[in-house]
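Please look over the following notes alongside the model.

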Amino acid sequence: MNFRIENVLQTSRRGFLKGSAGLALAVVAPGMAHAGTGAGPGIAGSSMVDGDFSPNAFLRIGTDNSVTVVSKHLEMGQGVYTGLATLVAEELDADWAQVKVEGAPADAGRYSNLFWKAQGTGGSTAIANSFEQMRRAGATARAMLVSAAAAQWKVPASQITVKSGVVSHAASGRKATFGELSEAAAKVAVPADVTLKDPKDFTLIGHSAPRKDSLAKTTGRATFTQDIKLPGMLTAVVAHAPRFGGKVKSVDDKAARAVAGVTDVVTIDNGVAVLARDYWTAKKGRDALKIVWDESSAYHGSSDAILADYRELAKTPGLVARKDGDAEAALARAGKVYEAEFAFPFLAHASMEPLNCVMKLDADGCEVWNGEQLHTGDQYALAKALSLKPEQVKLNMVYAGGSFGRRANPQSDYLLETAQIAKAIKGRVPVKLVWSREDDMRGGYYRPLYLHRVRAALDAKGMPVAWQHRIVGQSIIAGSPFEPMLVKDGIDATSVEGASTLPYAIPNLNVDLHTTNATVKVPVQWWRSVGSTHTGFSSEVFIDELAAAAGKDPVAYRLAMLAKHPRHAGVLKLAADKAGWGKPLAASADGKRGRGVAVHESFNSFVAEVVEVTVHKDGEFTVDRVVCAVDCGVAVNPDVIKAQMEGGIGYALAAALSGAITLKDGLVEQSNFNDYTVLRINQMPKVEVHIVKSAAKPTGVGEPGVPPLAPALVNALHAATGKRIRALPIGEQLQTT
Amino acid sequence: MTTLNVNGRDVAVDLPADTPLLWALRDGLHMNGTKFGCGMSLCGACTVHVDGQATRACVTPLSAVAGKKVTTIEAVGDSDVGRRVQQAWIDLDVVQCGYCQSGQIMSATALLAKTPRPSDEDIDAAMSGNICRCGTYVRIRKAIRQAAGMPAEDAA
Ligand code: FES
Ligand code: FES
């Protein structure tokens, strides 16, 4: 207990010393090698919890023979509950059917992300950081069950076997379930070390154990934040300032208070909250508010103007993020310089569950129910805002209806909004903050708008000798608690990742960056695959342009520059092979067919995708098929990996086709799924996923399926039409250019 | 006070008659399976059956369902079609975050109740009102075909 609190306090002290607003989360920068994992915290210390055998913080075995795995990571669709349970059950030799999963509370001492030294889920790290830790948790429990059986049966532990949740001694014919042994096992000393299985003996890892959340989510019984009900709880709906940075000048709430059922109207930092017993009443009250906004420090920018400014900035050198050789000099020497500008809009995450949060405030502290993605950061931010000690902030992690990064807000935005409301009513009753879809769409924290300018020159053989990549846009990390870890010499690693890590062998390769936070005041945040959402696009489209200029096959061209990057080459070859690259596409009576490819590494996983399209005479097109190859090390659950690739492809395709948040005079022009259109089933291509067999440590799969899709699509459209699209979303550019 | 029939039981809801069925179910009857996604009939997360028809509960006022039969995800498995749909969903591990899936299952069940062997176009038409941001569409299509007893993909 003391050990845990000490751990947390140390982390906090470090955080505050750095002068950041919240806790400094020690993050392993994208692309950096893994920190050593070891057993990690949370393993030592057996105990009984409510009569269950709890060999460590990640596992409880009940006398009813249930095995409960405690997930330190948020299940937001990526399959992590299933993945972590697979790791524990594998080493425990449990029967998959007896395994249940529940979310861990906020407790950085026991449940930290081993790559972060704080508790949270993101960066596709969940399985990667837990791989050994969870296996060890299972193996430890197994050893204790075996010891207990050996003692009871008076036989050597070495003669005992465990299979599918049954402990047996063949010679004596004795058998016992985990449940039967749980009480005795709880009294066994925790072994100092355990041996993990040889991968050849795996029966669950690599075998696609069925998802643990399927039943609950198929029957409507899964509990999301939206579903939390507490006695006396009120729902809060907020009228937010229409422009970022706006505040309330005055409010006339007579009409709102006149709505039958409205109990409270309270002014908070960026708006006015109306409370009622149900959402509809609260919303009616909210809609009846008359608010005069103080816009003295509100942001009035427009997307068009931002882009125009970025275009000017892109003419001048930025801060250097990578410098191999001297690209400018090589370009100056070259006979012909190829040049392209790429533009990317703001993007909303638009998770299916609009943001929400439930909070109970009382004399003892604050208790929160949330699709909790950044436990430690949120815990400290709430403690600070509510003048509590971090341990007085209890976070209950429930299922998140998607996140794509949004629920890991470094400013804890919607949690602090809930806290302000709870505080304003003095904690009289619990509060559920519910954002409407419009609130969610207009609430900011978007993938930033970026402009890239890339220039290159080719040698006599058509291979690039110079590559100058300039990126202009807001930093996601600047001003957040992550800044000390991820911003070095003015360069936010997440702004350039994917470009600064371009794998192709090019002798003169420069990447530079203009960060625009001083002038552009739009709240921005990581969005599924972060920097690679834009760097993957510009790099992989421009490489394709160079291959075309050189008259080379796009796959062969890339492979020729990937000799030092076998895993990139591996997925590229596999995807090309499975897609029938090089063989003509079946002709279509409906229009021109085309095929395009892209390969990209993100979060230490490697993905290549081949996209096939049909472009009709009117410029409308269909995406027919996507063939995807992924190398994410050991495939813990191949079916979940496939699902993540399918989903990543769908998510990326939505953005590529039509995703854009645009600002006009500081107002967000989109509001709901009518004007921020997302992918629907009729637009979903056939998807084939191939997983590279690997013995390397497992790496992430939640995000890496996203980056290759858009460039491969644009390259396919080029193959079909000869038109090269360089600004996203694609929209109607084929019709109009 | 509005009286309606939810999952075979007559219930009285003490909310104004203009309250959408979605919020009557969730906040009035404490039935959480039906989800709020957009409130504008754009996403399908709130899909229920009203007298067997797939209906967006977020834009259906309580007054419009007075005396009608409402079926929600909580009881869809009571019908043979609904049970087969849910089973196919589980067999194929369709769900990711799961938030859209109540609505997907309600739409799929309404489709198969009317069209037991749907074409891909039928599936598109019936399901394109249901957004899944996790992109589970590949599996939704497969699961519908499986529930219908059809092969995983069109031979064509
Ligand atoms: S919530 Fe009803 S259609 Fe979206
Ligand atoms: S499963 Fe997440 S929105 Fe469909």
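How many cavities of 30 Å³ or more does the structure hold?

1. The structure, which is a predicted model, holds eight cavities of 30 Å³ or more. A cavity here is a set of points, on a 1 Å grid over the protein atoms alone, where a 1.4 Å probe fits but cannot get out; points are joined across faces, edges and corners, and a volume is the space filled by probe spheres set on them.

2. At least two lining residues come from each of helix H16 (532-550), helix H19 (638-658) and helix H20 (709-721) of chain A, helices being DSSP runs of H or I with at least four residues and strands runs of E with at least two, numbered from the N terminus. The lining divides into 13 nonpolar residues, three polar and one charged, where Ala, Val, Leu, Ile, Met, Phe, Trp, Tyr, Cys and Pro count as nonpolar, Asp, Glu, Lys and Arg as charged, and the others, Gly among them, as polar.

3. Between the chains, 56 residues of chain A are in contact (heavy atoms within 4.5 Å) with 51 residues of chain B. Together the two chains bury about 4,500 Å², 58% of it on carbon and sulfur atoms, and A:Thr218, A:Met352 and A:Ile681 supply 18% of the area that chain A buries against chain B, more than any other three residues. Buried area is the accessible area (1.4 Å probe) that two parts lose on being put together, summed over both.

4. Within chain A, A:Glu295 and A:Arg243 form a salt bridge at 2.9 Å, N to O. This pair links distant parts of the chain, 52 residues apart, with A:Glu295 in the loop between strand S13 (290-294) and helix H9 (303-313) and A:Arg243 in the loop between strand S9 (234-240) and strand S10 (247-252).

5. Two backbone details deserve a look. The peptide bond from A:Leu728 to A:Pro729 is cis, with omega near 0°, and A:Pro729 is found in the loop between H20 and helix H21 (733-736) of chain A. A:Lys154, although not a glycine, has a positive phi of about 55°.

6. As to confidence, the predictor gives the complex an ipTM of 0.98 and a pTM of 0.93. The pLDDT, its confidence in each residue from 0 to 100, averages 96 in chain B and 92 in chain A, but over residues 1-39 of chain A the pLDDT is below 50.

7. Residues are numbered from 1 along each chain as its sequence is written, and chains are lettered from A and ligands numbered from 1 in the order in which they are written. Local features need pLDDT of at least 70 and side-chain atom pairs count only at pLDDT 80 or more, whereas totals for chains, interfaces and linings use all residues, and side-chain values use heavy atoms, with hydrogens and water left out.

How values were computed
pLDDT = per-residue confidence, 0-100. 1 Å grid on protein atoms, 1.4 Å probe; cavity = no way out; pocket = protein on both sides within 12 Å on 5 of 7 lines; lining within 4 Å. Salt bridge = Lys/Arg side-chain N within 4 Å of Asp/Glu carboxyl O.
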